[in-house]
Amino acid sequence: MTVGIWAVLSLFGALPFWLGEPNLRFSAAYFEAVSGATTTGATVIFGLDDLPAGMNLWRGMLNWLGGIGIAFIAMIFLPLMRVYGMQFFRTEGFDTFGKALPRARDIARVYVLLTALCIYAYGLIGMSALDAVVNGAATIATGGFSPSDISFQKYFGAGGYVGTVFMLLGSLPYVRYLQLVRGDARLLWHDEQACAYLRWLGGAVVLVAVWHHFHSGMPWEPAFREAMFNLTSIMSSTGFFSDSFPAWGGFMLIVAFVPGMVGACSGSSAAGLRVFRVQVALVALRAHLA
Amino acid sequence: MAVVLYEERRVENDVLNGLIMFFSGYILILGLLTVPMSLTGVDTVSALFAVWTSLGNVGYGFGPLLARTGTFIDFPQGAIAIITLAMLLGRLGLLAIMVILLPAFWRR
């Protein structure tokens with residue numbers, strides 16, 4: 001059923017791209033809409049800065065709706081279905097189970113609050129209103145549609161740090177936020193999945209930054225900022241990019257491949273194999289070898 | 001059979017099975033889609049990373065074809081269709097779609 005919803009919604013989402021300003025072919029318009037609704041963030045439109053504001057807003061909305069849709073499905077329906085090992089989450093942290101509606105409302109609250117915070121923060125570092133709204137919606141949805149061809153390059157400096165923080169917030173398990181609001185912060189810091197996620201991501205950032213520093217002589221601060229922002233963008237399945245990072249090549253490409261496959265935490269709007277699954281697989285592997 | 005623990009809880013066998021299914025499905029599809037991708041005339045690095053980026057819903061572009069604009073605008077039509085499919089597969093979980101493709105599903 002969910003398959004049908006996404007495929008049909010994307011069809012509807014494609015209409016503006018097909019009929020409107022960018023004048024895309026139908027296949028390209030559908031690509032853009034699927035990319036938005038699945039929170040991928042890959043685009044076939046070049047010249048984003050010259051698009052009408054409404055069109056960029058529509059892209060941001062697709063990202064945002066796709067993100068909240070997948071958060072609902074991941075937290076409410078998937079644990080019920082006996083697939084992908086997601087039934088593991090049926091008991092843990094799901095004390096209000098069976099009460100799908102209040103849970104959905106809680107998730108929606110967290111999601112809206114995070115988005116508002118993100119938009120506000122982007123406004124503070126000097127984005128225009130449109131850019132802040134579209135980038136903010138796309139960041140929390142871990143979508144990655146940006147209203148500019150050069151993505152985050154436009155705001156580099158502070159934007160790198162602020163963007164990293166909010167991409168991380170959008171890719172941690174949302175259940176923990178609900179528990180945080182109820183006053184149980186301990187559960188977030190003791191979440192094995194969230195810890196491993198940050199540890200692995202940190203490891204990749206250090207590897208790439210140190211390599212690039214010695215390889216190309218880029219000073220430490222920008223090398224770390226670039227590596228941090230871009231690798232977070234990859235691992236959280238967001239897809240913003242900045243500066244020359246995609247052209248670093250070589251070692252970076254090989255290191256980046258793995259976080260992109262692993263992806264972020266279960267129970268967020270992010271995608272990929274999920275940290276939880278990789279962790280369990282590693283534990284299982286160790287248990288069988290021992 | 002060894003006991004698998006995660007966050008001090010036992011991981012049951014059906015959980016483990018589902019997990020391994022997902023893993024193998026993911027990697028299999030990554031490989032399987034890269035083949036038609038390169039047949040559309042896309043170079044190897046761009047093809048592999050295009051499937052990687054869409055299956056994982058990453059949206060990040062690597063490879064010679066993307067270097068000019070940072071977008072997928074230079075990809076041929078066929079490649080665009082494959083990427084669209086991969087994005088849907090990656091987002092909605094692979095099995096849900098694979099189940100539909102199985103003949104057994106329709107016979108029931």
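The following dialogue walks through a few features of this predicted model, from the contact of two chains down to one residue.

User: How should I begin with the contact between the chains, and how many residues does each chain give to it?

Analyst: A general idea first: the size of an interface is often given as the accessible area lost when the parts come together. Here we can count residues instead, and the contact takes 53 residues from chain A and 45 residues from chain B. On the side of chain A that touches chain B, the elements that give two or more residues are α1 (2–19), α2 (26–37), α10 (220–235), α11 (251–262) and α12 (275–289) of chain A. The largest share of that side, eight residues, comes from α12(A).

User: What classes of residue make up the side of chain A that touches chain B?

Analyst: Sorted by class, that side of chain A holds 30 nonpolar, 19 polar and four charged residues.

User: What span does α12(A) reach, and which of its residues are buried?

Analyst: For the span, one compares the distance from the first C-alpha to the last with what is expected at 1.5 Å a residue; α12(A), with 15 residues, reaches 21 Å, close to the expected 21 Å. Its buried residues are A:Val275, A:Phe276, A:Arg277, A:Val278 and A:Val280. What covers these buried residues includes parts of both chains, namely α9 (192–216) and α11 of chain A together with β1 (5–6) and α1 (13–39) of chain B.

User: How do I read the packing of two helices, and at what angle do α9(A) and α10(A) pack?

Analyst: One reads the angle and the separation of the axes together, and for α9(A) and α10(A) the angle is about 140°, with the axes 8 Å apart. An angle has to be over 145 degrees to count as roughly antiparallel, and α9(A) is therefore oblique to α10(A). The crossing in which α9(A) passes α10(A) is right-handed. Among the residues that meet are A:Leu201, A:Val205 and A:His212 in α9(A), and A:Trp220, A:Phe224 and A:Leu231 in α10(A). The residues of this contact divide into 12 nonpolar, three polar and no charged.

User: Turning to chain B, how many helices and strands does it have, and in what order do they run?

Analyst: Chain B has six helices and two strands, and from the N terminus on its elements run β-β-α-α-α-α-α-α. Of the 108 residues in chain B, buried residues make up 42%. Residues 24 or more positions apart account for 46% of the contacts in chain B with a separation of 6 or more.

User: Could we end with one residue: where is B:Thr40, and why is it called partly exposed?

Analyst: B:Thr40 lies in the loop between α1 and α2 (44–55) of chain B. A residue is buried with 20 or more other C-beta atoms within 10 Å and exposed with 12 or fewer, so B:Thr40, which has 15 of them within 10 Å, is partly exposed. Leaving aside neighbours within four places in sequence, B:Thr40 is in contact with B:Pro76, B:Gly78 and B:Ala79. The C-alpha atoms of B:Thr40 and B:Ile80, 40 residues apart along the chain, are separated by 9.8 Å.

Technical notes:
Residues numbered from 1 in each chain as written. Chains lettered and ligands numbered in written order. Predicted model: local features only at pLDDT ≥ 70, side-chain atom pairs only at ≥ 80, totals over all residues. Contact = placed C-beta atoms within 7 Å. Helix = DSSP H or I, 4+ residues; strand = E, 2+ residues; numbered from the N terminus. Nonpolar A, V, L, I, M, F, W, Y, C, P; charged D, E, K, R; others polar. Expected span 1.5 Å × (residues − 1). Axes fitted to C-alpha atoms, helices over the stretch in contact; angles between N-to-C directions. Parallel < 35°, antiparallel > 145°, perpendicular 65-115°, else oblique. Left-handed = near helix turned anticlockwise from the far one by under 90°.
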